[in-house]
Amino acid sequence: MRQDRYLSCASCQTRFLWTPAEQQDDAGPPLHCPACRRLLPAEGRRRGLVKFYSLRKQWGFITQPDGVELFFHRRALAAGETLPLHEGELVEYAVEPSPRGAQAVGLRRLALPGTP
Ligand SMILES: [Zn+2]
């Protein structure tokens, strides 16, 4: 019988509830509290800002938190994402090697709090 457990967030050390329902469909205890999970990228993914996107060329670059710029092609957009992408938009993506260097895949916009 599962019961409520309290876990400590690896980022902010806040104690948070891990409910029996969450314990059922989860691979293991989450490392981060719900607030941090909303702020942190999903496992294996990164976040960055669109540096630019050229509708004509159909590719652009993302500025990553470490300052390294990452190439992405229109094909990198996840299903449901629409063009154009605008400079400064927050995006989440995975990084995949390609013959011409690393590139973003599975790119999704993240809504900033307070924006529709
Ligand atoms: Zn936290």
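## Close-up views of the predicted model

**View 1. Q58 counts as exposed because 12 other C-beta atoms lie within 10 Å.** The model is predicted, and local features are given where pLDDT is at least 70, side-chain atom pairs count only at pLDDT 80 or more, and totals for chains, interfaces and linings use all residues. Numbering starts from 1 along each chain as its sequence is written. Q58 sits in the loop between β3 and β4 (59–63); strands here are DSSP runs of E with at least two residues, helices are runs of H or I with at least four, and both are numbered from the N terminus. Although Q58 is not a glycine, its phi is positive, near 65 degrees. Most residues other than glycine have a negative phi.

**View 2. Q13 occupies the loop between β1 (5–8) and β2 (15–18).** The backbone of Q13, a residue other than glycine, has a positive phi of about 65 degrees. Q13 is exposed because 8 other C-beta atoms lie within 10 Å.

**View 3. The peptide bond between L83 and P84 is cis, with omega about 0 degrees.** Most peptide bonds are trans. The loop between β5 and β6 holds L83, and P84 lies in that loop as well. L83 is exposed because 11 other C-beta atoms lie within 10 Å. Leaving aside residues up to four places away in sequence, L83 touches L55 and R74, where a contact requires C-beta atoms, placed from the backbone, within 7 Å.

**View 4. Twelve residues form the largest nonpolar core.** Such a core is a set of buried Ala, Val, Leu, Ile, Met, Phe, Trp, Tyr and Cys residues joined through C-beta atoms within 7 Å. Its members are V50, Y53, I62, L70, F72, A76, L77, L85, V91, Y93, A104 and L107. Two or more of these residues come from each of β3 (46–54), β5 (69–73), β6 (90–96) and β7 (103–109).

**View 5. β6 and β7 form a hairpin with six residues between them.** The two strands pair in the antiparallel sense over five bridges; pairing requires that DSSP find at least two bridges. A94 has V105 of β7 as its bridge partner. In the turn, G101 has a positive phi of about 115 degrees.

**View 6. The chain is assigned domain 1 (5–39) and domain 2 (46–109).** These bounds come from an automatic or database domain assignment. A distance of 29 Å separates the C-alpha centres of domain 1 and domain 2. Two helices and seven strands make up the secondary structure, in the order β-β-α-α-β-β-β-β-β from the N terminus. Along the principal axes, the C-alpha atoms fill a box of roughly 55 × 35 × 30 Å. The radius of gyration of the chain is 17 Å, whereas a compact globule of 116 residues would have one near 13 Å; the value is taken over C-alpha atoms, and the globule rule is 2.2 Å times the number of residues to the power 0.38. Of the 116 residues, 14% count as buried. Among contacts between residues at least 6 apart in sequence, 40% join residues at least 24 apart.

Conventions:
Buried ≥ 20, exposed ≤ 12 C-beta atoms within 10 Å, placed from the backbone. Contact = placed C-beta atoms within 7 Å.
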